[in-house]
Amino acid sequence: MPRITSMELTEQQNEVLKFIRAFVSKRGFPPTRQEIADSFGWAYASAAESHLRAIERKGRITITPGISRGIVIK
């Protein structure tokens, strides 16, 4: 099994990123944390926030503070 580096996304993070891409492609704007949580069956938007922060640390997105749809895919 290949070793995962800190910059590689986990399977779940990759699924979240794919969801964001599809959402933007279909609607023209990014999803809210709650829309992400609902899509994955998570009870709280904070679960989506945790995944988004990890994806941001790994350089795949930028999050604009204070904006509910402030997700930019790099």
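**Labels and the values behind them**

Author: Start with S50, which is found in helix α3. Keep in mind that this is a predicted model.

Reader: Why is S50 called partly exposed?

Author: Its relative accessible area is 48%. Buried means under 20% and exposed means over 50%. S50 falls in between, so the label is partly exposed.

Reader: How far is S50 from K26 in sequence and in space?

Author: S50 and K26 are 24 residues apart in sequence. From C-alpha to C-alpha, the distance is 24 Å.

Reader: Which residues of α3 are buried?

Author: They are A48, H51, L52, A54 and I55.

Reader: What makes you say that the buried residues of α3 line one face?

Author: Look down the axis of α3. The buried residues fall within an arc of 160°, so they line one face of the helix. What covers them includes α1, α2, β1 and β2.

Reader: What follows α3?

Author: G59 follows α3, and its phi is positive, near 80°.

Reader: What about α1: how does its span compare with the expected one?

Author: α1 has 17 residues and reaches 24 Å from first to last C-alpha. The expected value is 24 Å, at 1.5 Å a residue.

Reader: Why are the buried residues of α1 said to be on the same side?

Author: The buried residues of α1 are Q13, V16, L17, F19, I20 and F23. They cover an arc of only 155° around the axis, which puts them on the same side of α1. The buried residues of α1 pack against α2, α3, β1 and β2.

Reader: Which exposed residues sit on the face of α1 turned away from its buried side?

Author: That face carries E11, S25 and K26. After α1 comes G28, with a positive phi near 90°.

Reader: Which residues touch the most other members of the largest nonpolar core?

Author: This core has 15 residues. V16, I20, I36, W42, L52, I61 and I71 touch the most other members. Two or more residues come from each of α1, α2, α3 and β1. α1 gives the most, with five residues.

Reader: Take V16. What does V16 touch, leaving out residues up to four places away in sequence?

Author: V16 touches I36, F40, W42, H51, L52 and I55.

Reader: Now the rings. How many aromatic pairs does the structure hold?

Author: The structure holds four.

Reader: What makes F23 and F29 an edge-to-face pair?

Author: Their ring centres are 6.0 Å apart, and the limit for a pair is 6.5 Å. Their planes stand at 70°. Over 60 degrees counts as edge-to-face, so this pair gets that name.

Reader: Why is the pair of F40 and W42 called stacked?

Author: The planes of F40 and W42 are 15° apart. Under 30 degrees counts as stacked, so the label applies. Centre to centre, the rings are 4.9 Å apart.

Reader: How do you know that W42 is buried?

Author: W42 has 19% relative accessibility. The cut-off is under 20%, so W42 counts as buried.

Reader: Which residues form one aromatic cluster?

Author: F19, F23, F29, F40 and W42 form it.

Reader: Finally, the whole chain. In what order do its elements run?

Author: From the N terminus on, they run α-α-α-β-β. That comes to three helices and two strands.

Reader: How do you know that the radius of gyration agrees with a compact globule?

Author: With 74 residues, a compact globule would have a radius near 11 Å. The chain has 12 Å, which agrees. Its C-alpha atoms fill a box of roughly 35 × 25 × 25 Å along the principal axes. Buried residues make up 32% of the chain.

Technical notes:
Residues are numbered from 1 along each chain as its sequence is written. This is a predicted model: local features need pLDDT of at least 70, side-chain atom pairs count only at pLDDT 80 or more; totals for chains, interfaces and linings use all residues. Side-chain values use heavy atoms; hydrogens and water are left out. A nonpolar core is a set of buried Ala, Val, Leu, Ile, Met, Phe, Trp, Tyr and Cys residues joined through side-chain atoms within 4.5 Å. Buried means under 20% relative accessible area, exposed over 50%, partly exposed in between (1.4 Å probe, protein chains only). Helices (H or I, at least four residues) and strands (E, at least two) are DSSP runs, numbered from the N terminus. Contact means heavy atoms within 4.5 Å. The arc is that of the directions from the helix axis to the C-beta atoms. The radius of gyration is taken over C-alpha atoms; the globule rule is 2.2 Å times the number of residues to the power 0.38. The expected span of a helix is 1.5 Å times one less than its number of residues.
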